[in-house]
Amino acid sequence: MSSYRSLLRTPEFTPLFLGSAAQTAAQTVGGLALGTLVYQATGSPLLSAVSMFGPSLAQVLGATFLLSGADRLPPRTALSVIALAFAAGTAVQAAPGLPVGAVFGVVLVLGLVASLGGGVRWGLLNEILTKDGYLPGRSLFNMMSGLMQIAGFATGGALLGMLSSRVCLLLSAALYLLAALALRLGLTARPPRTVGRTSPAATWRTNALLWSSRPRRLTYLGLWLPNGLVVGCESLYVSYAPHAAGTLFACGAFGMFAGDVTVGRLLPPAIRRRLATPLLLLLATPYLVFCAHPPLPLAAVCVTVASVGFGASLVQQERLMDLTPGELAGQALGLHSSGMLTMQGVSAALAGAVAQLTSPAAGMTVMAAGSVCVTLALATAARRSPEPGREPAAAEAH
């Protein structure tokens with residue numbers, strides 16, 4: 001397995017890594033600022049949750065109509081333009097007096113733009129690295145994401161105590177511009193991985209092919225559903241602890257970082273492959289404690305421990321790549337990313353609706369219980385499925 005040091009010496013890996021780090025920091029600071037701004041304006045847990053995770057809801061449209069572009073667009077241009085679009089959209093959201101409806105309109109547009117981002121980024125990563133380098137490479141990206149979220153939520157929480165939400169949104173827009181610059185100058189001009197036009201028909205055909213395999217279907221559902229339901233819990237941090245949401249988000253990011261380090265570097269492959277279900281159960285179970293409305297210190301511990309379970313996604317992504325032909329890697333990873341983010345947006349809206357009718361603590365408990373049930377159901381279904389090899393999956397592509 002490739003070392004982290006060798007990954008950083010790989011051409012193009014470092015600029016892709018740094019550009020993604022700047023985007024993660026921008027998303028973290030901007031999301032917290034936007035959720036706080038909407039909650040202050042409306043007092044609604046539902047609208048606050050959707051404002052933070054709403055771009056994810058638009059991912060389903062992108063996955064349906066635009067995702068073929070993940071393999072059919074030049075990666076450098078696509079990633080740079082996506083970062084610029086987020087810079088512009090975030091700056092618009094900072095405009096004084098912008099109606100809440102217009103804020104959500106921008107959220108929808110940004111979600112459509114973002115639907116291409118995951119497929120292009122992870123497809124390029126799969127192209128830059130060797131086969132045995134993808135898992136440690138993705139692990140390093142996840143670790144970076146965790147660290148940037150820790151720093152971003154902690155810094156964002158502090159900045160919101162000193163500055164207005166709109167100023168924090170402008171700082172987020174500046175970080176997106178920095179990301180666009182790093183990607184444009186650091187990446188080389190590569191041709192698309194697949195020839196042909198980006199079109200809804202091409203997207204549908206490849207998505208249908210990817211979905212036609214039962215083992216891939218179960219892997220996708222495992223990547224989308226348990227994770228998404230727990231993100232519904234996270235979407236209620238602002239309404240559960242309005243003055244300490246940044247602390248809870250930072251604790252969650254630290255737990256995610258610990259899980260990614262453990263799964264990506266410390267566990268041998270034979271053990272790692274058996275841990276997807278236990279990690280997904282760990283991801284949800286601590287949130288059941290919120291039925292007792294725990295005080296902030298206990299809530300922070302629960303969030304930290306639970307977030308270690310996000311390491312399950314590394315195990316599942318490794319399996320997805322084993323089941324997928326190389327020429328479809330970009331769209332396969334894009335479908336994973338878009339489906340996951342879509343489910344996160346749906347879960348945020350659902351959790352916000354439950355919290356609106358009951359309480360944020362009750363909303364977290366309901367979403368966590370749903371995640372546990374889905375994980376157990378998927379584990380049962382997987383045991384009834386034959387273990388496939390790579391060759392049948394590759395044969396399906398022709």
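About 340 Å³ of space lies in the second largest pocket. The model is predicted, with local features requiring pLDDT of at least 70 and side-chain atom pairs pLDDT 80 or more, while totals for chains, interfaces and linings use all residues. Residues are numbered from 1 along each chain as its sequence is written, and side-chain values use heavy atoms, without hydrogens and water.

**Exercise 1.** Determine which residues and helices line the second largest pocket.

*Solution.* Step 1: on a 1 Å grid over the protein atoms alone, a pocket is an open set of points with protein on both sides within 12 Å along at least five of seven lines, and lining residues have an atom within 4 Å of a point. Volume is the space filled by probe spheres set on the points, which are joined across faces, edges and corners.
Step 1: the lining has 21 residues, of which T36, G157, L160, P242 and H243 are the closest to the centre.
Step 2: α2, α8, α9 (165-186) and α13 each supply at least two lining residues; helices are DSSP runs (H or I, at least four residues) numbered from the N terminus.
Step 3: by class, eleven are nonpolar, nine polar and one charged. Here Ala, Val, Leu, Ile, Met, Phe, Trp, Tyr, Cys and Pro count as nonpolar, Asp, Glu, Lys and Arg as charged, and the others, Gly among them, as polar.

**Exercise 2.** Describe how α8 packs against α2 and against α13.

*Solution.* Step 1: α2 (residues 13-42) and α8 (residues 134-162) pack at about 35 degrees, with axes 8 Å apart. Axes are lines fitted to C-alpha atoms over the stretch in contact, and angles run from 0 to 180 degrees between N-to-C directions.
Step 1: the crossing of α2 and α8 is right-handed, meaning that the near helix is turned clockwise from the far one by less than a right angle (anticlockwise for left-handed).
Step 2: their contact (heavy atoms within 4.5 Å) includes F13, F17 and T36 of α2 and F141, M148 and L160 of α8. This contact has 14 nonpolar, ten polar and no charged residues.
Step 3: α8 and α13 (residues 245-266) pack at about 165 degrees, again with an axis separation of 8 Å. That angle makes α8 roughly antiparallel to α13 (over 145 degrees).
Step 4: α8 passes α13 in a left-handed crossing, and the residues of this contact divide into 13 nonpolar, seven polar and two charged.

**Exercise 3.** Characterise the packing of α7 with α18.

*Solution.* Step 1: α7 (residues 100-128) and α18 (residues 329-357) pack at about 135 degrees, with axes 7 Å apart. That makes α7 oblique to α18.
Step 1: the crossing is right-handed.
Step 2: S115, G118, G119, W122, G123 and N126 of α7 make the contact with A329, G330, L333, G334, S337 and S338 of α18. Three of these residues are nonpolar, nine are polar and none is charged.

Technical notes
Parallel < 35°, antiparallel > 145°, perpendicular 65-115°, else oblique. 1 Å grid on protein atoms, 1.4 Å probe; cavity = no way out; pocket = protein on both sides within 12 Å on 5 of 7 lines; lining within 4 Å.
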